[in-house]
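Trainee: I am new to this structure. Can we go through it in questions and answers?

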Amino acid sequence: MENNNRLYGKTILWNGDSICAGSEREGSWATRIAERNAMQYKNYAVGGGTVAESNVLRQTGKVRHSVSGTLDLMFEEYPNADYVILEGGTNDADLLGNAVFGDKPTKLGSFEKSDYSGNYDRNTFCGALESVFYRATKYWMDKKIGFIVAQKMAACGSAEYENRRIYFDRAVEICKKWGIPYIDLWNGCYLNPYLPYMYDATKPKEENHAENTGYYCDGQHLTKKGYDFTADLIETWLKKL
């Protein structure tokens with residue numbers, strides 16, 4: 001197994017929001033994949049985290065965790081990591097402005113396909129993600145860097161659903177610009193909270209957690225079954241990087 005497994009014994013870093021962070025009850029992608037492949041890992045992801053910097057938590061006024069704002073710390077602590085896997089965008093979409101109906105929120109930001117200067121506005125989603133890739137490709141040169149677009153979440157056809165997909169579409173475009181491999185769970189797997197056998201919206205969150213027969217506990221976050229399913233997809237993808 002060791003000789004044929006690219007992941008075996010390697011060091012992998014993760015960063016993102018609650019989808020990447022997982023939970024003590026449901027576990028995470030990081031725990032599942034590391035345990036199966038004898039990997040060393042650290043998961044920097046934090047629930048409520050964004051890609052962009054300087055967003056605050058409404059309850060406390062403290063600055064939220066961000067992928068961009070913690071990337072330097074990741075490199076400081078693990079300069080020789082073999083894999084750096086990033087995720088995010090959901091909270092950016094919810095916080096930085098609604099892009100549905102042709103609106104262009106300032107905090108969504110923009111990018112130029114020919115601009116590799118590194119001079120990006122890290123307080124916008126696009127600028128922060130560009131800065132992340134600019135720094136990551138310099139910090140972990142010749143290592144494996146990847147981005148995960150999370151699974152479908154929110155009611156299909158809702159403004160929230162459509163807005164999140166717009167942010168994720170920008171993320172995919174920026175991945176392509178920088179040559180960053182990505183896995184798009186939103187379009188690349190059949191998980192869908194609109195399907196009642198995957199998420200029972202008539203039950204409270206705790207019942208969806210406890211029964212664990214569906215893939216979602218609240219229409220956004222995954223149950224153990226949801227993490228089992230998506231971890232298999234991500235692990236297969238990682239082995240091809």
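Predicted model: local features only at pLDDT ≥ 70, side-chain atom pairs only at ≥ 80, totals over all residues.

Trainee: Where is Gln220 found?
Mentor: Look at two helices, helix 8 (205-211) and helix 9 (224-238). Gln220 is found in the loop between helix 8 and helix 9.

Trainee: Is Gln220 buried or exposed?
Mentor: The cut-off for buried is under 20% relative accessible area. Gln220 has 16% relative accessibility, so Gln220 counts as buried.

Trainee: In what order do the 5 strands of the open sheet run?
Mentor: The pairing is parallel. Strand 2 (40-43) and strand 5 (182-184) each have a single partner strand, so they stand at the edges. The order is 2-1-3-4-5.

Trainee: Which residue is the bridge partner of Val149 in strand 5?
Mentor: Strand 4 (residues 144-149) pairs with strand 5 in the parallel sense, over 3 bridges. In strand 5, Val149 has as its bridge partner Asp184.

Trainee: How far apart are the end C-alpha atoms of helix 6?
Mentor: Helix 6 (residues 159-178) has 20 residues. At 1.5 Å a residue, helix 6 should span 28 Å. The model agrees, with its end C-alpha atoms 29 Å apart.

Terms used
Residues numbered from 1 in each chain as written. Heavy atoms only, no water. Helix = DSSP H or I, 4+ residues; strand = E, 2+ residues; numbered from the N terminus. Expected span 1.5 Å × (residues − 1). Buried < 20%, exposed > 50% of the residue type's maximum accessible area, 1.4 Å probe, protein only. Pairing = 2+ DSSP bridges.
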